[in-house]
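Subject: A structure for you to look at

Hi there,

Here is the structure I promised to pass on. Have a look at it first, and then read my notes below.

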Amino acid sequence: MVVQGIIINCLAMLSMLFFSYATFAANITVNVKDQHGQPLPDAVIELNAQSSDINAEKLPKLIMDQVDKRFAPTLLIARKGQQVNFPNSDNIRHHVYSFSKAKPFQLKLYSGQPDKPIEFDTDGVVVLGCNIHDSMVGYIYVASSEHVYQSDSNGNVVLDDVTLPAQLTFWHSTQTIPLEEKTPLALTKDAVGSVTVVIATQSPKPRNTFGNKFKANND
Amino acid sequence: MTNSLKNRVIIVCVGLVLLTTVVSLFSFWWSTSQFNEKKVTQDINVAENVYKQYLTAKESLLLTAAKVLTSDFGFKQAVATRDADTIGSVLYNHSQRIDAELMLLLDLSGKLISSNKPNQEFSNDLEQMMNELLTNAEQSNFVVLDNDLYQVILLPVRAPRTIAYSLVGFKITDEVATELKNLTNMDVSFIAEQDGLVRSSLLSRPSPFSPNDYFYQATTSRIFGEQVIYRNRDLHLASLEGHSVNVLLSADLTQSYTEFERLFFTIILLAALTIMIGVVASSLLAKNLTMPLSQLASLARQFAQGNYSVDSMSNKQSTEIKTLIDAFKNMGNDINEREQQISFAAKHDTLTGFYNRSAMLEVLNESLAKNQDYTLVAIDIKGLRHINDKLGPRVGDDCLKAVACRIAEFSDELGGFHARIGGDEFLTVFPTTSSQNLKKGISGLMALLETPYMLQKLKINLRFSAGVVSYPDQGTAPDDLMRRVLIAVDSATNEHENIHHYREGEDEEHLESLLIIDELKQAIADDDGQLFMTYQPKLNFATQKVDKVESLIRWQRKNGSWVSPELFIDLAEQSGLIVELTEWVIDTVVKQVGQWQHAGIFMQAAINVSAQDIAYPGFHANLLKVLKSYSVAPALITIELTERDMIENEEKGIQALNKLKAIGVKISLDDYGVGQTSLGRLKMLPIDELKLDKCFILKLDESEKDQFIVKSTITLGHQLGFSVVAEGVETQKSLEILQDLKCDHIQGYYLSRPLKADLFEQWLEQYNELA
């Protein structure tokens, strides 16, 4: 698989000429699309990941609920060191586990609230699964930066008062590059207005008919 | 016999049976072939289905096994740890559980992480293989790995996202193929063409073994020639690109060939039996049908041989045949009746009921074989023609019947038999008991016959001639007897006898006469000098010159012997040959007269003709034609007729003579004085000349009586206006007497004997010189 390139469109080159060196903070709207030009929701954009320092203790406990044999939300963004609770809202038991390097753990068959929350102290992507319900997949994005955003249903993220130049990283659960990797993007101080970012995703493959019945299990 | 009805019936029946057999054999052959074809196809279809089921089952087993493996949490955990040894042991463990020979774990890029067998290395490009398998996810594929064929399935290991791939596979070995063969009863061959790998259920293989060649080309030698052993179906298996794997299902046809042949021979045997039965049955049928026909045929042959008695034939016949037999019987009876009628009519005279001549010959042949003397009497009714002419043929027929009746009465009494052998001739034959009885018998018979007859209120007297021949003294063969008795009766008639007993030699005379007639006929036709004319001069006293000749015919046969003119002329008259003979004479004489005329010799020639000649209608015309053709004046020709010839058929004769006289031909009455010519008749005859018979002239010089007769006859002739000729003058004295008596011409040896033309000319010259 070829990793898709990221293209930035500077829509207001004129204004950039006028306002250059005039300001270093700007409101920038990032528009995330897939390689087909469709808006891509639930993409994670992290700003200046390395530079930020997070005080985890002040952060609230997050909840990764399990409703109707689904993780809710599917994508949960956590700060490094933040604790996450895994309440089970279903009336059946779940066996939540992760083999991800960032946080391997197991919550063996339980119902209701587990004894204690789990702290995600390493940044990275944690893939959650349920041992007895193979269809359940959830993601916990453990960010090292304070400035981390999730694209809305239109694929848009609004970055307020971004100090330019800035380093951005992009991630999406269906990206074609390995799941642990994030795509970097450098915003120069001239950047202004809106930026469009394209993430190559694993769109559902054109399958042979035989595979259709296994659709649910396919990536 | 090939054309006989029987054979035809048999041929038709056997032909029908044969046709039926051949048609059924063909339809059997066709339908069996079709059935076999269908069966084989069906078998292959079944085999294909079985095989698919088998593979699907295997696949599903594989899938299940692989899924169980990849879903196992411990396994997932182990994979997540990436601890190769652990993973290897897990794989081994699982492969043992499900009997899978192949179990590999590949990472997402297709690199081998671990396998169920430690330290296993593969020469294949696993990454590429994995990528291809991924496009056929959850479906088994056939791949060749390190010279082994596997049915494999690739499944992702999810935790919960795919972290690795697990490749599970069953090895396809010859045993697997054999197992499939046991299920389907067909040879199964897995062929990886590009990889050069074959797994087959065929145990005894040729070397090198290529299933595609072998199964498609193997033949077996059967009754109907070389036949392919296998019917094949080639199926493509799910496999990698460039590494196709096919399965070849090969149905062995040997069994079906054997069954087909057995059936075929059974049918042939049945057909042969049917034909045999057909032959026998149709033979019986044909025999039934043709037996009465051949019986009828032999009956017809029997009829042909004249045997009309019909044996009773079998009553078991069909009505048609019975009708035919009845018709045959009736035909036989009718033919018999008619044959008897015909045969009676053929043998008998219809008027009298007597045997006819040819039947009489048979009767003689049959009846005269005993040691018994017989008398044969041929009876001729004299003057029956007159009765027919004057009283009508009915009276004539009644006369014949009455005569026949009396003959029958006579011969029946003597135990003889009788026949009508001619128009007015009968033959009666009776045993000769004694010589005096014979005489009495014949004269008695004649007396009986000559008793007057009362017919149609007429009293008729008939007169008869009879010829008698004795058997066996005067002949034994019926032909001879018949001929001799006829000769005898002819002799009786000719010689005016009442009864003529056949004399030895008459038959030979008769035969000689026949021979002479035959030769004469030939001599006239050939005109080769056997017959020739002589001329005897007549002296005219008035002129003292020879101015007339009498032409006389002579015959010297080829063998040199002379035949007397009286004999052969008589025979010619009897046989009717006289007309031709006279024509020849006229031609010869007129021609001679013509020649003399040319030579300056004017000579009247007399020609002797008979009553038959005069009566012959062509005589006059022929004479005219000849005279004309030789330019001879009719006055130079004199026709000489005897008194007897003049009298016969007088009226017609006088008419003809008058016609001759009218054209200038002279008429002379020959042999005058010895016949029956009355003076009254003499007055009426249209003659120019009287010729005194030589009996008055020969001794004229010695006999005074002859002189008186001659003198008065000459005077009478002269007074009636005739000239008078005397023939037979042999002495000077006679000549002188005749001259004194004023006879006109003389003829005789004193002057000259008859001479051939050239001699006569010489004689005439000398005579004229002397005078």
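Helix 10 (residues 384-391) of chain B packs against helix 11 (residues 393-413) of chain B at an angle of about 140 degrees, and their axes are 6 Å apart. Angles over 145 degrees would count as roughly antiparallel and 65 to 115 as roughly perpendicular, so helix 10 and helix 11 of chain B are oblique to each other.

Which residues make this contact? Helix 10 of chain B brings B:Leu384, B:Ile387, B:Asn388 and B:Leu391, while helix 11 of chain B brings B:Pro393, B:Val395, B:Gly396 and B:Cys399. Sorted by class, the contact between helix 10 and helix 11 of chain B has 6 nonpolar residues, 2 polar ones and no charged ones.

Next, find the open sheet of chain B: its 5 strands run in the order 13-14-12-17-18, with mixed pairing. Strand 13 (417-420) and strand 18 (499-501) of chain B are the edges, each pairing on one side only. On average, neighbouring strands of this sheet are turned by 20 degrees against each other, ignoring direction. Helix 13 (residues 478-494) of chain B packs on the sheet and touches strands 12, 14, 17 and 18 of chain B.

A word on confidence: chain A has a mean pLDDT of 78, but over its residues 1-23 the pLDDT is below 50. Where pLDDT is low, the predicted coordinates should not be read in detail.

Enjoy exploring!

Key: Residues are numbered from 1 along each chain as its sequence is written. Chains are lettered from A and ligands numbered from 1 in the order in which they are written. This is a predicted model: local features need pLDDT of at least 70, side-chain atom pairs count only at pLDDT 80 or more; totals for chains, interfaces and linings use all residues. pLDDT is the predictor's confidence in each residue, from 0 to 100. Two residues are in contact if their C-beta atoms, placed from the backbone, lie within 7 Å. Two strands pair if DSSP finds at least two bridges between them. Helices (H or I, at least four residues) and strands (E, at least two) are DSSP runs, numbered from the N terminus. Axes are lines fitted to C-alpha atoms, for helices over the stretch in contact, and angles run from 0 to 180 degrees between N-to-C directions. Angles under 35 degrees count as roughly parallel, over 145 as roughly antiparallel, 65 to 115 as roughly perpendicular and the rest as oblique. Ala, Val, Leu, Ile, Met, Phe, Trp, Tyr, Cys and Pro count as nonpolar, Asp, Glu, Lys and Arg as charged, and the others, Gly among them, as polar.
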